[in-house]
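Please look through it with the questions below in mind.

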Amino acid sequence: ETKSDFQLGLHMPHMLLQMAGRWHRPVFLGTSSQWRESITADLRGGQPQIGQDVNRYAETMQLTVGLEYSRPGTATPDWLRFYGGAALGWRTERFIGRGTLAGLKSEAVGRAVLQADLGVEIDAVRTGNSSRHKLRLGLSAWAPTGSATVLSGGESVKLLEPGLSVSVGWT
């Protein structure tokens, strides 16, 4: 099995693109464990809509580093793994106005963030003895250490709210 992998992903409904790397290294568990332990680095960015208002968007960037654990299920085929992870990092957001609010833009605000991920990983394509391409489906949650209210052109907008998204990734 490969010692590291790179993932491209999409998070919905927040429409964030993801680039992530995993380095399969034992940190707390021994090498004989069925659990695969990985150090992760995760970068997400995009301009998701804020609430239901189609004129308000948040230019978003989030970078985290953490640990992930995965293993095959006890009664599942070896091409199916379950994963869960936690990471700490930094999240910045900036209000961007569109439509009737076009031209409005706030200053960027940032906070420390905690991220948690949970899902399944499916071996999709095997190339050779050790290289695998995988499809990952899961849930991802983030919680900044606090929200921020910004003002732009008389508009008051709350940013850096906790969130939950469905994630789809390809490694």
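The questions and answers that follow take up some terms used for this structure.

This is a predicted model, in which local features need pLDDT of at least 70 and side-chain atom pairs count only at pLDDT 80 or more, while totals for chains, interfaces and linings use all residues. Residues are numbered from 1 along each chain as its sequence is written, and side-chain values use heavy atoms, with hydrogens and water left out.

Q: Why is Leu160 called buried?
A: The relative accessible area of Leu160 is 1%, and buried means under 20% (exposed is over 50%, partly exposed in between, with a 1.4 Å probe and protein chains only), so Leu160 counts as buried. Leu160, which is not a glycine, also has a positive phi near 60 degrees.

Q: What makes Arg136 a charge over the ring of Tyr83?
A: A charge sits over a ring if NZ of Lys or CZ of Arg is within 6 Å of the ring centre and within 35 degrees of the ring normal. The charged end of Arg136 sits over the ring of Tyr83 at 3.8 Å from its centre, and Arg98 likewise lies over the face of Tyr57, at 4.3 Å from the ring centre.
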